[in-house]
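Let's take a friendly walk through this protein, one piece at a time. Have the sequence and the 3D view ready as you read.

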Amino acid sequence: MKRYIFTVYFILFSLAAVFCNESIVRRVDVSLLREATSPIFTKDAIVITLPPENAGRHEIFLVTDLDNWEKQYYFSTSLYGVYYCRLPYTGKSSFVYRLNINGFWTAPVNGASYTDNYGNQLTKVMIPDEVKYFNGSPRIEEINDRANTVKKVTFRVYAPQASAVNLLCSNANFSPFTYAMVKDSAGYWEISLPLSAGSYSYCYFVDNVRELDINNPNKTLAPGLGRMSAFRIN
């Protein structure tokens, strides 16, 4: 009996270990998923998965506080029977969701599930800091500007071994001394600027070596400097 209990405990512990390891990948073909995992963080979406069931599952959806519980996100199945659901990024560092299988609310095993004060079974998911670097570069965001003429533009570059990184931007005549970037614990250097509508070109100065933004496919030519990364604020 003790051996049986130990075996069951070991299996459950192993499953928990698998489901607790978050997966951060830029791209994944959800139609080819072979097994359910912990949430998968891709460039375009958060993927929630559920394992196939012998008894069959017909309709599965979830609701989440990512959109203030307003939408039902339905699951599809991969070629191998794994259920998956794609959720959007909204800038939150974590979110919770409720799962509904064939009309019944339940809590999946691949997440930190708990019961709230109203008796609802919820699953909480933490979004890794690294995923914010998936969403293009530079990142252009609205700010509290009454005239709506200025945007917050965030530049970022991954250079964990660098001792100094500077932004060279056309709005400062590509000066290597105007915009010193700040390094975070993950090895990313970042700086945010308030910029008005117009076209801009830029590059990074990584330990005195000029580098283009590999996460920005848009390029242009700057007189006397050659190719530069480029973006436009409308």
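## A hairpin and its turn

β16 and β17 form a hairpin, with four residues between them. In the turn, Gly187 has a positive phi of about 95°. The two strands run antiparallel and are joined by two bridges, and Lys183 stands opposite Trp189 in β17. Strands here are DSSP runs of E with at least two residues, helices are runs of H or I with at least four residues, and both are numbered from the N terminus. Two strands count as paired if DSSP finds at least two bridges between them.

This is a predicted model, in which local features need pLDDT of at least 70 and side-chain atom pairs count only at pLDDT 80 or more, while totals for chains, interfaces and linings use all residues. Residues are numbered from 1 along each chain as its sequence is written, and side-chain values use heavy atoms, with hydrogens and water left out.

Which residues does Phe155 touch? Among them are Pro138, Leu167, Met181, Trp189, Leu195, Tyr204 and Phe231, not counting residues up to four places away in sequence. Such a contact means heavy atoms within 4.5 Å.

Phe155 is one of the residues with the most contacts inside the largest nonpolar core, which has 21 residues. A nonpolar core is a set of buried Ala, Val, Leu, Ile, Met, Phe, Trp, Tyr and Cys residues joined through side-chain atoms within 4.5 Å. Buried means under 20% relative accessible area, exposed over 50%, and partly exposed in between, using a 1.4 Å probe and protein chains only. β13 (150-158), β14 (165-169), β17 (188-196), β18 (198-206) and β21 (226-233) each supply at least two residues of this core. Apart from it lies another core of 20 residues, including Ile60, Leu62, Phe95 and Val131. In soluble globular proteins, nonpolar side chains tend to be buried together.

## An open sheet

Elsewhere, five strands make an open sheet with mixed pairing, in the order β1-β2-β3-β7-β6. Its edge strands, β1 (23-24) and β6 (76-77), each pair on one side only. β6 runs antiparallel to β7 (residues 83-87), and two bridges join them. Thr77 stands opposite Tyr83 in β7.

## The whole protein

Now step back. The protein has one helix and 21 strands, and 39% of its 234 residues are buried. Among contacts with a separation of 6 or more, 58% link residues 24 or more positions apart.
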